[in-house]
Amino acid sequence: MSDIPVLTTDRLVLRAPEPQDYPDFKATFSSYRSRFMGGPLNAYEAWMLYAAEIGHWDIRGFGMWMIHARDDDRTLGMAGGWQPAGWPEREIAWIIWPKAAGQGYALEATDAARRFFYRQHGWDGAVSYVDPKHLDSIRLCERLGARRDPDAASVDGNDVVYRHPAPADLRDTRLAWAIAREIAHYADPKLKPEGAPVD
């Protein structure tokens with residue numbers, strides 16, 4: 001996994017998932033927090049999903065990064081690209097550990113991941129598959145400029161599809177400025193982020 005790129009932002013380091021990161025992953029996917037992502041999972045299911053996260057990079061050439069805090073290296077969640085068997089399109093996906101929620105980490109990580117896939121992998125777009133009851137994820141999609149696409153194929157008919165803006169729509173635009181501004185608000189302890197938390 002040494003060829004998986006490392007991404008850095010003001011507060012975060014996104015790098016390959018490692019064996020030592022598994023306990024936090026298992027705890028989250030065994031909890032109610034994962035109810036909108038197929039959970040809660042038993043120990044075997046959590047192990048298999050984590051193995052799939054790692055193997056996805058080799059099979060697809062992209063995948064999910066483990067999100068680490070730059071200041072103390074603790075893990076905060078995962079974010080990146082996801083397209084297992086049965087997924088109609090490439091997805092931008094994320095999950096934040098319960099104790100790290102509400103601090104804008106999902107916004108900062110998904111913005112960095114999307115920019116990387118657009119610039120380095122040549123993606124011309126992406127989607128996010130969201131449970132319609134998962135309001136936090138819907139808010140995050142909207143903050144990222146994604147809009148619901150009722151004509152897009154869903155994974156299993158129980159999710160809604162949010163289509164992310166194309167690369168040109170994020171290049172030197174008001175949307176890109178707004179995303180950067182909100183991330184900066186989360187990063188500055190003197191400022192209060194606008195709107196509801198997005199992770």
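Reader: Which residue does the side chain of Arg11 meet in a salt bridge?
Author: The side chain of Arg11 meets that of Glu108, with 2.7 Å from N to O. Arg11 lies in the loop between strand S1 (7-8) and S2, and Glu108 sits in helix H3, so the pair ties together parts that are 97 residues apart in sequence. A salt bridge is a side-chain nitrogen of Lys or Arg within 4 Å of a carboxyl oxygen of Asp or Glu, while helices (H or I, at least four residues) and strands (E, at least two) are DSSP runs numbered from the N terminus. This is a predicted model, in which local features need pLDDT of at least 70 and side-chain atom pairs count only at pLDDT 80 or more, whereas totals for chains, interfaces and linings use all residues. Residues are numbered from 1 along each chain as its sequence is written, and side-chain values use heavy atoms, with hydrogens and water left out.

Reader: Are Arg11 and Glu108 buried or exposed?
Author: Arg11 is buried, and Glu108 is buried too. Buried means under 20% relative accessible area, exposed means over 50%, and partly exposed is in between (1.4 Å probe, protein chains only).

Reader: What does the side chain of Thr9 make a polar contact with?
Author: The side chain of Thr9 makes a polar contact with the side chain of Glu108, at 2.5 Å. A polar contact is a pair of N or O atoms within 3.5 Å; within protein, one must be able to donate a hydrogen and the other to accept it, and residues adjacent in sequence count only if both atoms are side-chain atoms. Thr9 lies in the loop between S1 and S2 and is buried, with a relative accessible area of 10%. Leaving aside residues up to four places away in sequence, Thr9 touches Arg70, Glu108 and Ala112, where contact means heavy atoms within 4.5 Å.

Reader: Back to salt bridges, how many are there by this rule?
Author: The count comes to ten. One of them joins the side chains of Arg115 and Asp111, at 3.1 Å from N to O; both residues lie in helix H3, four residues apart, or about one turn of the helix. Arg115 is partly exposed at a relative accessible area of 33%, whereas Asp111 counts as buried at 10% relative accessibility.

Reader: And which residue does Arg163 form a salt bridge with?
Author: Arg163 forms a salt bridge with Asp149, the closest N and O atoms being 2.7 Å apart. This pair links distant parts of the chain, with Arg163 in strand S8 and Asp149 in the loop between strand S7 (147-148) and S8, 14 residues apart.

Reader: H3 keeps coming up, so how many of its 16 residues are buried?
Author: In H3, 13 of the 16 residues are buried, so the helix is largely enclosed by the rest of the structure. H3 reaches 22 Å from its first C-alpha to its last, close to the 22 Å expected at 1.5 Å a residue; the expected span is 1.5 Å times one less than the number of residues. After H3 comes Gly122, whose phi is positive, near 70°.

Reader: Which residues have the most contacts inside the largest nonpolar core?
Author: They are Trp65, Ile67 and Phe117, in a core of 37 residues. H3 supplies the largest share of this core, eight residues. A nonpolar core is a set of buried Ala, Val, Leu, Ile, Met, Phe, Trp, Tyr and Cys residues joined through side-chain atoms within 4.5 Å.

Reader: What does Ile67 touch, not counting residues up to four places away in sequence?
Author: Ile67 touches a set of residues that includes Leu12, Val13, Leu14, Met78, Ile96 and Ala109. A second, separate core has 13 residues, among them Tyr22, Phe29, Tyr50 and Trp97.

Reader: Changing topic, where is Phe36 found?
Author: Phe36 is found in the loop between H1 and H2. With residues up to four places away in sequence not counted, Phe36 touches Asp131, Lys133 and His134. The C-alpha atoms of Phe36 and Ser137 are separated by 9.5 Å, although the two residues are 101 residues apart along the chain.

Reader: And which loop holds Asn42?
Author: Asn42 lies in the loop between helix H1 (22-29) and helix H2 (43-60), and it counts as partly exposed at 40% relative accessibility. A polar atom of the Asn42 side chain lies 3.1 Å from the backbone nitrogen of Tyr44.
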